[in-house]
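Here's a quick briefing to read with the model open beside you. Have a look around first, then come back for the notes.

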Amino acid sequence: MKVNKWPGVSLIVMATILLWIKTYIVYKTSFDIEIDNTIQEFILLINPLSFLLFIFGLGLFMKKDRSRTRFILSSSFIISFILYGNVVFYRFFDDFLTLPVLFQTSNFSDLGTSAGEIIEWKDLFYFADVIILALIIKFKPNLFALKSYSKANRRAYFLVAIALVFFNLGLAETERPQLLTRTFDREILVKNIGTYNYHLYDIFLQSKSSAQRALADGSELADIDNYVRATHVQPNKEMFGIAKGKNLIVVSLESLQSFPINNTVNGEEVTPFLNDFIGESYYFENFYHQTQQGKTSDSEFIFDNSLYPLNRGAVFFTHAGNEYESMTETLAEKGYYTAAMHANNKSFWNRDIMYDSLGYERFYSLPDYEVTEENSVNWGMKDIPFFEQSVRHMKEMPQPFMTKLITLTNHYPFYLDEEDELIEPYTSNDGTVNRYFQTVRYMDEAIKEFIQDLKDSGIYEDSIIVMYGDHYGISENHNKAMSKYLGKEITPFVSTQLQRVPMIIHIPGQVGKTLSTVSGQIDIKPTIMHLLGIETKENIQFGSDMFSEQHEDFIVLRDGSFITKDYVYTDNKCWDKETEQTTDMNYCEPYKDRAEKELQYSDKVIYGDLLRFYEKNKFRDEERKEE
Ligand code: GP9
Ligand code: MN
């Protein structure tokens, strides 16, 4: 009789290999995972392995033959079932399962009616490996006879599994830096860490936020509400309701900072159209982005809620299940048709789920656009065709509507097709910075055509148009080239000033002007709501009307830096705006506590999901009673 040197292991190895191969086949046949290069394909191939080795490896701790085989067979079935669940979900929603979605049963009411259509007999193939395994166990039980094996064997086995985890994570990290802290997109996660590890990660995220949520009881709200009341400023009365009943068109300008505005490269204007457009609009020249790791999604979050995003991760991912009081939802209540438009995967930044929470009625995403090889570059659809097709959709919308368009071409690494290069690149050793001016120039052209299109279709005169830069495009890694362009050293002060992004509000019939109040994305919601004639003083919000005479010159960035009328606090130092040098900390001191408090309060609202306890007027009624 042949002696099996690793008794029991052969069953584990067989179950692992079968399920591994099957998972890879399922990746390739049942999901639409985009692979750009061989390293990505390789990561996709190995990513199920570590998880499977761990789970099946638990069998090594089982002494009895029977319990081990039973454990392996049932694990194999359960894992296959989860995989199959994803396949079915994907057929219907074109997305991977997440825990919150599983519990959002409304999603499944649609699914229930058509379950018969999406589950087929041939789906039994998804369990082929489990069936093979069961047959082997039944007919060749001796193959897996048990002998005890040493601790050393077990240790060696798990060391291999652990090494694999790190190998996989290492590769994934080079392909996608900050994969786990930023959690971009389910497809990217599954592609890099595998569908099983992705579920573990999802469970981890979910339980962390559930715990924080469970510990909150709403008593925290009184302090926060007091703070918001105390810092509330009266909106500008003359501007209140000035755009009442008009459509609201919001354009999120990808990676556009303020420095190219009214500036030149090689003697040519970088944003010729915007420079003119600003002349007939309100332009806020000291307006800061307040985003962190969630980039575009963070700016969207601030825009809709006037709350700060989180310091780690993207709140769009981590707290999509929260109760919010978004601008979009309020507008919908006031009779607006509300839509978001972005020609990308709908699950990028978890938008599909978060937009539901924020109350968007419709999300025009990738399938709503005709995207071809020719009209795409860099991250996807080019801005010009994107705007063009978006206007076509807008013509079909009931009015008044609120729509948010998210541009994409001016995204790192700033690549363009030659025919779209309208100006020469900048000349430095840094290709990123050199190209940035060209992609910004392209964006300017796209906006020009967009505005013309809106005019031609008669939408322009009935709409207010709000455009803002979502976050920086040029990071501090490019200080050298930026220093050459700006002709000065990039100190932490200059870096902070570079966090300014354009903010443009165009109101038909208004002449407009340039305003220099220190403001930020946190102010967008109250400002727009007032223009549309909607009161916001009953809300928990950290921004205020930028048109108000009382609007304070004070903005807190998400990293704790802040900007006042005359000073900038960053890098633990206080800087004088006039001299651009560090100055006595005493000038910044009075604002420090406040900046910290704001961020903490905002975080509390999100972590504790406090808005679910917030009843408008409740605190005010109590105040009145006390009076
Ligand atoms: C992706 C787009 C870009 O859909 O919004 O995201 P970013 O990397 O800028 O956050
Ligand atoms: Mn962006």
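Contact here means heavy atoms within 4.5 Å. With that cut-off, and leaving aside neighbours within four places in sequence, Thr407 is in contact with Val251, Ser252, Leu253, Glu254, His342, Asp383, Phe386, Phe387 and Met443. Keep in mind that this is a predicted model, where local features need pLDDT of at least 70, side-chain atom pairs count only at pLDDT 80 or more, and totals for chains, interfaces and linings use all residues. Residues are numbered from 1 along each chain as its sequence is written, chains are lettered from A and ligands numbered from 1 in the order in which they are written, and side-chain values use heavy atoms, with hydrogens and water left out.

**Around Thr407**
- You'll find Thr407 in the loop between strand S10 (401-406) and helix H20 (431-456); helices (H or I, at least four residues) and strands (E, at least two) are DSSP runs, numbered from the N terminus.
- Thr407 counts as buried because its relative accessibility is 0% (buried means under 20% relative accessible area, with a 1.4 Å probe and protein chains only).
- The Thr407 side chain reaches the backbone oxygen of Ser252 at 2.9 Å, and the backbone nitrogen of Glu254 at 2.9 Å.

**The manganese ion**
- Glu254 (OE), Glu254 (OE), Thr296 (OG1), Asp470 (OD) and His471 (NE2) coordinate the manganese ion (ligand 2) at 2.1 to 2.4 Å.
- Glu254 sits in the loop between strand S1 (247-253) and strand S2 (264-265), and Asp470 in the loop between strand S11 (463-469) and helix H21 (479-486), so the pair ties together parts that are 216 residues apart in sequence.
- Glu254 and Asp470 are both buried.

Technical notes:
Donors are N, O and S atoms within 2.8 Å of the metal (3.2 Å for Na, K and Ca); water is not among the atoms, so sites may look incomplete. Buried means under 20% relative accessible area, exposed over 50%, partly exposed in between (1.4 Å probe, protein chains only). A polar contact is a pair of N or O atoms within 3.5 Å; within protein, one must be able to donate a hydrogen and the other to accept it, and residues adjacent in sequence count only if both atoms are side-chain atoms.
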